[in-house]
Amino acid sequence: MRYLLALACAAAACRTTPTANPENRPNVVIVFTDDQGYGDLSSFGHPTIHTPHVDALAANGMKLTQFYVASPVCSPSRAALLTGCYPKRVGMHEHVIFPDYDYGLHTDEGTIADMLRDAGYATGCFGKWHLGHRPGLLPTDQGFDTFYGVPYSNDMAQIHRKPNSKYSYRLPLMRDCEVIEWEPDQRLLTKRYTEEAVAFIDEHADEPFFVYLPHSMPHIPLYASDAFHGGSPRGLYGDVIEEIDWSVGQITGALARNGVLENTLVIFTSDNGPWLQFKRNGGSAGLLRGGKGTNWEGGQRVPCVAHWPAGIPGGHVCRELVTAMDVLPTVAALTGARPAERKLDGHDVSALLFAEDGAESPTDDFLYYTSKGKLAGIRSGPWKLLLEKSELYHVEHDVSEKWNVADQHIELVEELRARARERDAAIEATSRPVRTVTEIVFDPVKPD
Ligand SMILES: [Ca+2]
């Protein structure tokens, strides 16, 4: 581990690292928004949403312009972030978990929280879980010392009851494994998650810690607190993003107040692209085509910012392909923590974070899967093949996927098709099961 830190120090031009953590391992904070599009930050080009706190992280850290999540929908994307694996490898690829589902991410999997807790970190999850909510499947069963938040999406709630629906789900607010409120006031969710995360940072600033802050917003239905409601020229969606930006400011403020901002890796990103069917209540993927639920770039390429003054030189833009699956192996490398001895799909991208000269993406091929887990395409270098209609795009020349050039590259199309199938078959052959649990913590379904 000392060796790794020495490398980190060399890459950061040997800046000193004032820190309250005597072992010098960085703290880790991951802010994971829900359905925020590639274009929904000022630093990623939005003309009217004001996000000064996230933008400051980008300016003083790194902005990543080719960062992909492993699924265009919530649960599989979260499984991939936390395990470093394709959702299919851990059985979590078949769309999102609904409140009446009985399965979740298997506890045999090693999450980032498991890995860091084993390495002596305090670990807290504040926000939306969505990886299973039966006994044994909650955050406190997956490596987190504590959990405060909701177990699934904020539309799986009374407030979002659909006419003629067979079920009307109830949304609980939980602390650890207990329901502490039913149908919490959603205007206060962003604020309450933030306050809990700040209290956790204050409590654990003298030891290494991991904060996972998966906001419920801006997943619909949209809610902002009174302090933000009506404030953004972008309308309610803008209010919601600006409150999330406020939240980031609260987190970085807490880190600074405790003297640990310098040695904390803060990653800000989104679980999938914008939910365009909700029109002005959905976000924007900016230049990118499509949004949530699709395999266009707008579905899976999301805004990403990484900030760590002790390790990441400020002001760089990483244009290499990085995926959410890279977070776990990278955090392992930076902290000296050991991942579970299981096949991972992500790679250590610390050389990219350190902005080392000539550093390249370690990902040769990135597979796209539909929201229901079916193989949909492959990206290799600048090329992206979508299998269903045999469309080939050069996504560096043509980031908006306007010009299908498949008929000009017939051999490449066949090569990519074969490779996508081969890689997918290899994952399928060694995929691992989800965990099914018959008992319940709470009854999420109230019959009409
Ligand atoms: Ca989502």
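## One edge of the sheet

In this predicted model, strand β2, which covers residues 62-64, runs parallel to strand β13 and is joined to β13 by three bridges. One of the residues involved is L64, whose bridge partner in β13 is C318.

## The sheet as a whole

These two strands belong to an open sheet of ten strands, whose order is β9-β8-β6-β5-β10-β1-β11-β12-β2-β13 and whose pairing is mixed. Strands β9 (178-182) and β13 (316-318) stand at the edges and have a single partner strand each, so one side of each is left without a neighbour in the sheet. From one strand to the next, the twist averages 15°. As a general point, the strands of a sheet pair through backbone hydrogen bonds, and they do so either parallel or antiparallel.

## The other edge

R175 has E178 of β9 as its bridge partner. Strands β8 and β9 form a hairpin with two residues between the strands, and in this hairpin D176 takes a positive phi near 55°.

Which residues of α2 and α6 meet? On the side of α2 they are P52, H53, V54 and L57, while on the side of α6 they are D245, V248, G249 and T252. Sorted by class, the residues of this contact divide into four nonpolar, three polar and one charged.

## Two domains

The domain assignment of the chain gives domain 1, which is made of two segments, 2-15 and 23-364, and domain 2, which spans 365-429. Taken over C-alpha atoms, the centres of domain 1 and domain 2 are separated by 26 Å.

How many residues of each domain take part in the contact between them? In domain 1 there are 24 residues in contact with 19 residues of domain 2. The side of domain 1 that touches domain 2 has, by class, ten nonpolar, eight polar and six charged residues.

Methods: Residues numbered from 1 in each chain as written. Predicted model: local features only at pLDDT ≥ 70, side-chain atom pairs only at ≥ 80, totals over all residues. Contact = placed C-beta atoms within 7 Å. Helix = DSSP H or I, 4+ residues; strand = E, 2+ residues; numbered from the N terminus. Nonpolar A, V, L, I, M, F, W, Y, C, P; charged D, E, K, R; others polar. Domains from an automatic or database assignment. Pairing = 2+ DSSP bridges. Axes fitted to C-alpha atoms, helices over the stretch in contact; angles between N-to-C directions.
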